[in-house]
Number of protein chains: 2
Amino acid sequence: MSETKLPRPTDGELAILRVLWARGDSTVREVHDALTREEPEGTGYTTVLKLMQIMTEKGLVERDESQRAHVYRPRATEQRTQRQLVTDLVDRAFGGSPARLAMQALSSKKTRPEELAELRRLLDTLEGGEE
Amino acid sequence: MSETKLPRPTDGELAILRVLWARGDSTVREVHDALTREEPEGTGYTTVLKLMQIMTEKGLVERDESQRAHVYRPRATEQRTQRQLVTDLVDRAFGGSPARLAMQALSSKKTRPEELAELRRLLDTLEGGEE
DNA sequence: AGATGTCAACGAAGCCCTTCGTAGATGCGG
DNA sequence: CCGCATCTACGAAGGGCTTCGTTGACATCT
């Protein structure tokens, strides 16, 4: 039985999820500190707390309450969330064509050659496996 | 210079923009009919009207009022909007790496071989210009 | 002209997201 | 034990998005 589908995270929620994916399970304080580090004058502590409480209600994160400072854990992996966001965007703005999104992504910004090579390998796999 | 950055369109606004890009400049009635066709029981006429009025204020569309039924025109091309959406997503969820987004896009859905070939040509161009 | 239909323009309501102030519980150092 | 720091919880405010009812202007058909 897989998971009921999680809602699309908002921008603020995604910022928090990024911290959780990078640091691993964390308390509100730890998340808040991390966010403050990358953006001073960002958001206050209680704002982050409230956000994370709502994310718990939505099922985006889980909470271990056995300690006084609750520990939060993302319920979806980074990959899975990325996949969801991408398919969303493909459907909403690219007429359902992932390749068109991919091309737009590559044209717009400079990409490191190593990543291009990796992408090429993926392409080989995809083209090889058809028929 | 006149290109002030346009705000990121919401889901509803994007749906309207898609119609305008596909049909060309249109009246509210034409947009509403198109939306209703692809999603019956979607939104009412006045809802679409209001949305498009707000989009005008935001600068997402322009309006020709010389006819009784105003004619709306997107202020950014589909390409440019796609580019903006992609870079946004790359920054918010892919640590700034367009290639990782591209790979996620291709892994998640089946893509037509013809599009893969096109993508490969783009890759050739990008890698070619590096030496 | 009068009836009917179409249009833009508000404005209000409902919901969600974000922000923060405040209160109450809990742990900790003296 | 008392005071201080830290934490969760709660609620309210503000703004943005979406929805729709209503109104008044304008056109069309008879």
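Student: Which helix gives the largest share of the surface near DNA strand C?
Tutor: Helix 3 of chain A, with six residues. Helices (H or I, at least four residues) and strands (E, at least two) are DSSP runs, numbered from the N terminus. This is a predicted model: local features need pLDDT of at least 70, side-chain atom pairs count only at pLDDT 80 or more, and totals for chains, interfaces and linings use all residues. Residues are numbered from 1 along each chain as written, chains are lettered from A and ligands numbered from 1 in written order, and side-chain values use heavy atoms, without hydrogens and water.

Student: What makes the approach of B:Arg63 to a phosphate oxygen of DNA strand C a polar contact?
Tutor: A polar contact is a pair of N or O atoms within 3.5 Å; within protein, one must be able to donate a hydrogen and the other to accept it, and residues adjacent in sequence count only if both atoms are side-chain atoms. A polar side-chain atom of B:Arg63 sits 3.0 Å from the phosphate oxygen, so the pair qualifies. For A:Lys58, the distance from a side-chain N or O atom to a phosphate oxygen is 3.3 Å. B:His70 uses a backbone N or O atom, at 3.1 Å.

Student: Why is the pair B:Glu13 and B:Lys58 called a salt bridge?
Tutor: The rule asks for a side-chain nitrogen of Lys or Arg within 4 Å of a carboxyl oxygen of Asp or Glu. Here the closest N and O atoms are 2.6 Å apart, so the pair passes. B:Glu13 is in helix 1 (residues 11-23) of chain B and B:Lys58 in helix 3 of chain B, 45 residues apart.

Student: How do you know whether B:Glu13 is buried or exposed?
Tutor: Buried means under 20% relative accessible area, exposed over 50%, partly exposed in between (1.4 Å probe, protein chains only). B:Glu13 has 2%, so B:Glu13 is buried. B:Lys58 has 34% and is therefore partly exposed.

Student: What parts does the salt bridge of B:Glu62 and B:Arg75 tie together?
Tutor: The closest N and O atoms of B:Glu62 and B:Arg75 are 3.9 Å apart. B:Glu62 lies in strand 1 (residues 61-64) of chain B, and B:Arg75 in the loop between strand 2 (71-74) and helix 4 (78-93) of chain B, so the pair ties together parts 13 residues apart in sequence. B:Glu62, at 31%, counts as partly exposed. B:Arg75 does too, at 40%.

Student: How many salt bridges are there between chain B and chain A?
Tutor: Eight. One pair is B:Arg120 with A:Asp124, at 2.8 Å from N to O. The count over all chains is 24.

Student: What area is buried between chain B and chain A?
Tutor: About 4400 Å², with 63% from carbon and sulfur atoms. Buried area is the accessible area (1.4 Å probe) that two parts lose on being put together, summed over both. In contact (heavy atoms within 4.5 Å) are 45 residues of chain B and 45 of chain A.
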